[in-house]
Amino acid sequence: MSQYKAIILVGGPSRATRFRPLSLDVPKPLFPVAGAPIISHHLAALSKVNGLKEVLIIGFFEDHVFSRFIDEASNEFPHLHIRYLREYQSLGTAGGLYHFRDEILRGNPQQIFVMHVDIACNFPLNEMMEAHMKHRGLCTMLSTKVPREQATKYGCLVAKPDTHEVLHYVEKPETFISDLISCGVYLFDIAIFGEMKKAIDRKKDSQHEESDYLWTVSDDRLRLEQDLLRPLSEGRKLYVYVTEKFWRQIKTAGSAIPANAAYLEKQAQEHSDRLAQQKDDGPEIIGAVYIHPSAHVDPTAKIGPNVSIGPRVTIGKGVRIKNSIILDNVHIGNASCILHSVIGWNSKIGAWARVEGSPVADHNVAMMMNGVKSQSITILGKEVSVMDESIIRNCIVLPHKELKSSFHSEILM
Ligand code: GDD
């Protein structure tokens, strides 16, 4: 018997609109940050939990979407049994858990990790397990502090400082209640399934009351946050583990850049041998940089910090790249400069070109320029070409565009 199981909630194709144009060509959970799909960072963390052997990926993408990834991940993490379970439609953040409860409970696990896929995190899972064993509540929720003005975008909570018991939980409140937020990582006791049943019954009762004669089809969407966590907080069964390590949401395409940086920096702190090392006959490497073994980087280029370079990329003489993701098979011509950008698959950047975003602290937050909301990053979709000597600054460029001049703060369709 293994004591733990894990669920990763991946949502479905309709939910990644804010991740466009990158989600036009790859489902968001499989988009690479720090040289590996977003979801594989979750698996790497789960693979270090003693007594955890099975990970269920739950979403409403078609079955084939994850099959190749699961084959590769099963080779990389051989002691994890990884499977995809498909919801027939969006069942909500707890609906899929309830729907697949028999699968989840098979093998008799005692505790279950549930993780949102759209986050980048240090995943302090062992610390959460320790905290859970001490308080013995039904759920330990990972939490972090965010700037006050951003808090209402998340699930907000108030906890007792000494016992870490959650006294109050509100999903995306209209006004500020706390700067402690839910990170989308939970450790549940299996008794949670009893609470889900109660939540479903409560929902049905209230639907009956609201519209006795209109109620024909049941709303299958069960929301972890409003339908489950909130009542748990009222019943004193919800606890919190607050992390000071990194955590970020990955919602917009631009938020891939800080997520990439955070994972690369983590790997640098762990002295990971995945990262590029400075060599006498190689390019100049600054800080944390990932270069796929099949990429070719000219020795006169200067790369880093926080750069990921994908398979089969070629980078010319004197190129400078900083804080960016260069996806598969991109070509970057001599003496070009790429800053705070994502360069889409198969794109071609000419010589002496400049593709850049702006160095702001938070690429999730839109920047104001001359009173106008503007992107703080540049994202080139798949197969975009940028002509020699042009400057592309703070632009979102849809796939297959040929840019023959310079552009500034535009969405190029
Ligand atoms: N399987 C499945 N089915 N997954 C889903 C569904 C569904 O119907 N709906 C959403 N998800 C997945 C998404 O893919 C994502 O990984 C996660 O559940 C949460 O997605 P959202 O519903 O978009 O919520 P949110 O990100 O705006 O807010 C949630 O996460 C925040 C932390 O990132 C809330 O839990 C907040 O309280 C929390 O602060």
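By class, the ligand's shell holds 12 nonpolar, nine polar and eight charged residues; here Ala, Val, Leu, Ile, Met, Phe, Trp, Tyr, Cys and Pro count as nonpolar, Asp, Glu, Lys and Arg as charged, and the others, Gly among them, as polar. Keep in mind that this is a predicted model, where local features need pLDDT of at least 70, side-chain atom pairs count only at pLDDT 80 or more, and totals for chains, interfaces and linings use all residues. Residues are numbered from 1 along each chain as its sequence is written, and side-chain values use heavy atoms, with hydrogens and water left out.

Of the 29 residues around the ligand, Glu87, Glu171, Ser182, Glu225 and Lys251 come nearest (a residue is near if one of its heavy atoms lies within 4 Å). Here are some polar contacts, meaning pairs of N or O atoms within 3.5 Å:

| Residue | Polar atom from | Distance to a ligand oxygen atom |
|---|---|---|
| Histidine 116 | side chain | 3.2 Å |
| Glutamate 171 | side chain | 2.6 Å |
| Serine 182 | backbone | 2.6 Å |

On its own the ligand has 740 Å² of accessible area, and the protein covers 92% of that (Shrake-Rupley method, 1.4 Å probe). The elements giving two or more residues to the shell are β1 (4-11), β4 (52-59), β10 (166-171), β11 (180-189) and β13 (247-249). Helices (H or I, at least four residues) and strands (E, at least two) are DSSP runs, numbered from the N terminus.

Glu225, one of the nearest residues to the ligand, is also among the buried residues of helix α7 (residues 224-234). Just after α7, arginine 236 takes a positive phi of about 60°.

Now for the sheets. Six strands make an open, parallel one in the order β16-β19-β22-β25-β30-β33, where two strands pair if DSSP finds at least two bridges between them. Its edges are β16 (296-297) and β33 (402-403); each has a single partner strand, so one side of each lacks a neighbour in the sheet. Within it, β25 (residues 348-349) and β30 (residues 385-386) pair in parallel over two bridges, with isoleucine 349 opposite valine 386 in β30.

Another open sheet has seven strands, again with parallel pairing, in the order β14-β17-β20-β23-β26-β31-β34. There β14 (284-285) and β34 (407-408) take the edges. Strand β31 (residues 391-393) pairs with β34 over two bridges, and arginine 393 has histidine 408 in β34 as its bridge partner.

Notes: Buried < 20%, exposed > 50% of the residue type's maximum accessible area, 1.4 Å probe, protein only. Polar contact = N/O pair within 3.5 Å; in protein donor to acceptor, adjacent residues only side chain to side chain.
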